[in-house]
Amino acid sequence: MSDKLIIFDTTLRDGEQSPGASMTREEKVRIAKILERMKVDIIEAGFPVASHGDFDAVKAVADCITESTVCALARALDKDIDRAGEALRGANSSRIHTFIATSPIHMEKKLRMTPDQVVDQAVAAVKRARRYTDNVEFSPEDAGRSELDYLCRIIEAVIDAGATTINIPDTVGYNIPYQFGQLLHDLLERIPNSDKAIFSVHCHNDLGLAVANSLSAVLNGARQVECTINGLGERAGNASLEEVVMAVRTRQDVFPCDTTLDTTQIVPASRLVAGITGFPVQPNKAIVGANAFAHESGIHQDGVLKHRETYEIMIAEDVGWSAQHIILGKHSGRSALKSRLKDLGIEFDSEESLNQAFARFKDLADKKHEIFDDDLQALVSQTTSADRDDYIKLISIKVCSETGEIPNASITLSVNDQEQSASAEGGGPVDASFKAIEKIIKSDAKLILYSVNNITSGTDAQGDVTVRLEKSDRIVNAQGADTDIVIASAKSYINALNKLIQPDERAHPQL
Ligand code: KIV
Ligand code: ZN
């Protein structure tokens, strides 16, 4: 029987460290729920000591996830570990992940500590974490550039102190697959108590080798891989969950282990993360890119029609590329909507939220003939944000765009329950709408991303707009969907402004 390969998802922690990918507490909870549905073993939810917002987000995830283990990150410092322990108090199953750097350059130049001091601090941190949970992970940060003898020494010491998972990070993405595999092999061979812990890897993608390095480590004994949806993460990102999981699943002739993931949740999770973070997936991205299962050349199409396996090594449906269901239309009722949403893993916590979703569904059905699963996902996102009692609401918008004329937008908003209107001209109707909104709100925020994607195909498809705003060190992302892309854009801009207004949220998640 093949071993289990544990999947540790860090989209909500390392993934959030992608510049601009900050997520609110509610967004983290939505992503955590889909990860749980996917049967991810461990969800790293954040870095509680980083800010109150991060603490609250980890706590919210810990309080609602029951099937996956929820993990919080902590430096090897008492205050970090105590904060992590506190945030995880409500979890059904919890893990504290503590780390300290072990490479000569990090110890000398960043920590300004001797190797002996680093061992002592690591051991003390693991012992302190064990006061909160018996599931403790230790990472020697920058292990990929650390000395083997020293790594063996510190890892042996932390296992003795109670660490149950040892994670080997290639923090700067410097390793080459054969070398990283060898490192895992050597550590497992040389550390006398290595059989008392699971060995894990956490690879960054600076040289585009994060997945290859992770897989090489798995072939050499690693039994946990840390990864993120769409490969999100610090700088060039982390190993992408979908690629690691599908490589191992597809090449069972090579790997002596497999995950227990429900891979049909991969595409929905990828879309959710792309939508929330505003980091779109490139069309040629393996597994989740729009072209991953598309065959353009006649020879390939002919081959696939004759025998699918001539050019396809995986089945699209296995990773969640469902044949788009035309699910509901204008005459469908509330219970049909509720039941389809349930199939998609979406349940409402109140009758009121379902009613709001139903009202939006009816509006959409008036404009669009066929409503697909992806339309429903967008509709639910809208309902979740509409659930908040937003400070700024869109009442109406009118745009004029004509050849030879300067585009103009007139907009009416409700701001703290007071109606206010403004008009503005712009380079195009979207620009004019944003300027009109700014005439009223005067946010002074900088627009750093504006992107439009169609949710489904066809000219009646909903446009899904992402807006990223920055103000005083805070970055927020927001979405808006509508069959009219100018309205979708205005909704998205207003959603972003509402997020900026909320008192919390977080500064950049990293300390
Ligand atoms: O890349 C890294 O070293 C990390 C650690 C905290 C595991 O993210
Ligand atoms: Zn990392």
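Predicted model: local features only at pLDDT ≥ 70, side-chain atom pairs only at ≥ 80, totals over all residues.
View 1. Strands (E, at least two residues) and helices (H or I, at least four) are DSSP runs numbered from the N terminus. R474 has 14% relative accessibility, so it counts as buried (buried is under 20% relative accessible area, exposed over 50%, partly exposed in between, with a 1.4 Å probe and protein chains only). A polar atom of the R474 side chain lies 3.0 Å from the backbone oxygen of K499.

View 2. L447, Y450, V452 and I485 make a nonpolar surface patch of about 300 Å². Patches take residues with over 30% relative accessible area and no salt bridge, joining like charges within 9 Å and nonpolar side chains (Val, Leu, Ile, Met, Phe, Trp, Tyr) within 5 Å; the areas are Shrake-Rupley values with a 1.4 Å probe, and for residues only the protein chains shown count as cover. Strand β14 (residues 446–454) gives the most to the patch, three residues. I485 belongs to helix α16, residues 485–501, and is partly exposed at 41% relative accessible area.

View 3. The structure holds 29 salt bridges, each a side-chain nitrogen of Lys or Arg within 4 Å of a carboxyl oxygen of Asp or Glu. Take E108 and K109: their closest N and O atoms are 3.3 Å apart, and both residues are exposed. D14 pairs with R13 at 3.6 Å between the closest N and O atoms; here D14 is buried at 3% relative accessibility, and R13 is buried at 9%. E312 bridges to R308, with closest N and O atoms 3.6 Å apart. Salt bridges with shared partners link R13, D14 and E44 into one network.

View 4. On the pLDDT scale, the predictor's confidence in each residue from 0 to 100, the protein chain averages 91, and 95% of the residues score at least 70. Residues 505–511 stay under 50, and the model has 27 contacts for them beyond four places in sequence (contact means heavy atoms within 4.5 Å).

Conventions:
Residues numbered from 1 in each chain as written. Chains lettered and ligands numbered in written order. Heavy atoms only, no water. Polar contact = N/O pair within 3.5 Å; in protein donor to acceptor, adjacent residues only side chain to side chain.
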